[in-house]
Amino acid sequence: MNKREDEVHWLTDEEERAWRAYRRMVIAVQTRTVQDLAAHGLSEPDYEVLSTLSEHPGGTSTLHEQAAKMGWSRSRLSRHATRMEARDLIRRAPDPADGRGCLLVLTETGWDTLREAAPTHLDSVRRHFVDRLEPEELATLGRIAEKIADEQ
C-alpha cells in the first residue's frame, strides 16, 4: 500500500450504510416529487424559482439574492431565468439599487402556474416524505438536516 492509500479515512460499514441510505432517500424523494411536478410542465428548478420568488414582496428578488437562496451561481440562474422568461413565468427588470444587476419578477402566468402546481407539490411532499415518518422522526431528521446544512 502506498502512502496516499494509508492516509485515506475509509468509512466504516455503518457509516457507509448510513451514507448510501441517505443518498437513496434523497434521490427517491426528489425523483418522485419531480415526476409529480412534471404534470404541470414544471421542473424542480422551475418550481424552486417560482416558490422562492413568491416569498418576496411583489414576487420580486434580485438575481444575486435569488441565486444565493437557491445555492446556484448567478450565471446558472440567469440561464434558467432566460428559459422561464420564454415561457412567461418570470420577467427581468433593471435593479434600481444596482445598475449592473437585475430583478427577477413573477409574472401573472408565473403566479397562476405556482398556485396551480403548489397543491400537487405539497401533496407529493406529504405522500413521498412527511407522511412516511412519525412526528418524532420528522423532527429528528429536521434537526439533522439543519445541523448539516448550517455546517456549510
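The following legends describe close-up views of one predicted model.

In this predicted model, local features require pLDDT of at least 70 and side-chain atom pairs count only at pLDDT 80 or more, whereas totals for chains, interfaces and linings use all residues. Residues are numbered from 1 along each chain as its sequence is written, and side-chain values use heavy atoms, with hydrogens and water left out.

**View 1. Three strands form an open antiparallel sheet**. Helices (H or I, at least four residues) and strands (E, at least two) are DSSP runs, numbered from the N terminus. Two strands are said to pair if DSSP finds at least two bridges between them. The order of the strands in the sheet is β1-β3-β2. Because β1 (60-62) and β2 (90-95) stand at the edges with a single partner strand each, one side of each is left without a neighbour in the sheet. Neighbouring strands of this sheet are turned by 30° against each other on average, direction ignored. For such angles, axes are lines fitted to C-alpha atoms, for helices over the stretch in contact, and angles run from 0 to 180 degrees between N-to-C directions.

**View 2. β2 and β3 form a hairpin**. There are 2 residues between the two strands of this hairpin. β2 is joined to β3 (residues 98-106) by 6 bridges, and the two strands run antiparallel. Within this pairing, Arg-91 is opposite Val-105, and Ala-93 is opposite Leu-103. Helix α5 (residues 74-86) lies across β2 and β3 and runs at about 125° to β2.

**View 3. Ser-61 is a buried residue** **of strand β1**. Buried means under 20% relative accessible area, exposed means over 50%, and partly exposed lies in between (1.4 Å probe, protein chains only). The relative accessible area of Ser-61 is 2%. Not counting residues up to four places away in sequence, Ser-61 touches Leu-53, His-56, Gln-66, Cys-102, Leu-103 and Leu-104; contact means heavy atoms within 4.5 Å. The C-alpha atoms of Ser-61 and Val-105 are separated by 6.8 Å, although these residues are 44 residues apart along the chain. Strand β1 is joined to β3 by 3 bridges, in an antiparallel arrangement. Thr-62 has Leu-103 in β3 as its bridge partner.

**View 4. Arg-127 and Asp-36 meet in a salt bridge**. A salt bridge is a side-chain nitrogen of Lys or Arg within 4 Å of a carboxyl oxygen of Asp or Glu. Side chains of opposite charge can pair when their charged atoms come close. In this pair the N to O distance is 2.6 Å. Arg-127 lies in helix α6 and Asp-36 in helix α2, so the pair ties together parts that are 91 residues apart in sequence. Arg-127 is partly exposed, at a relative accessible area of 39%. Asp-36, Asp-123 and Arg-127 are linked in a network of salt bridges. A search of the whole structure finds 8 salt bridges.

**View 5. Two further salt bridges involve Arg-92 with Glu-85** **and Asp-112 with Arg-115**. The side chains of Arg-92 and Glu-85 meet with an N to O distance of 2.8 Å. Both residues are partly exposed, Arg-92 with a relative accessible area of 27% and Glu-85 with 29%. For Asp-112 and Arg-115, the closest N and O atoms are 2.7 Å apart. These two residues are 3 residues apart in helix α6, so about one helical turn separates Asp-112 from Arg-115. Asp-112 is partly exposed, at 43% relative accessibility.

**View 6. Asp-88 has a positive phi**. Most residues other than glycine have a negative phi, and most peptide bonds are trans. Asp-88 is not a glycine, yet its phi is about 60°. This residue is placed in the loop between α5 and β2. With 39% relative accessibility, Asp-88 counts as partly exposed.

**View 7. Leu-11, Trp-19, Tyr-22 and Met-25 make a nonpolar surface patch**. The area of the patch is about 400 Å². Patches are made of residues with over 30% relative accessible area and no salt bridge; like charges are joined within 9 Å, and nonpolar side chains (Val, Leu, Ile, Met, Phe, Trp, Tyr) within 5 Å. Accessible areas come from the Shrake-Rupley method with a 1.4 Å probe, and for residues only the protein chains shown count as cover. Met-25 lies in helix α2 (residues 13-38) and is partly exposed, with a relative accessible area of 32%.
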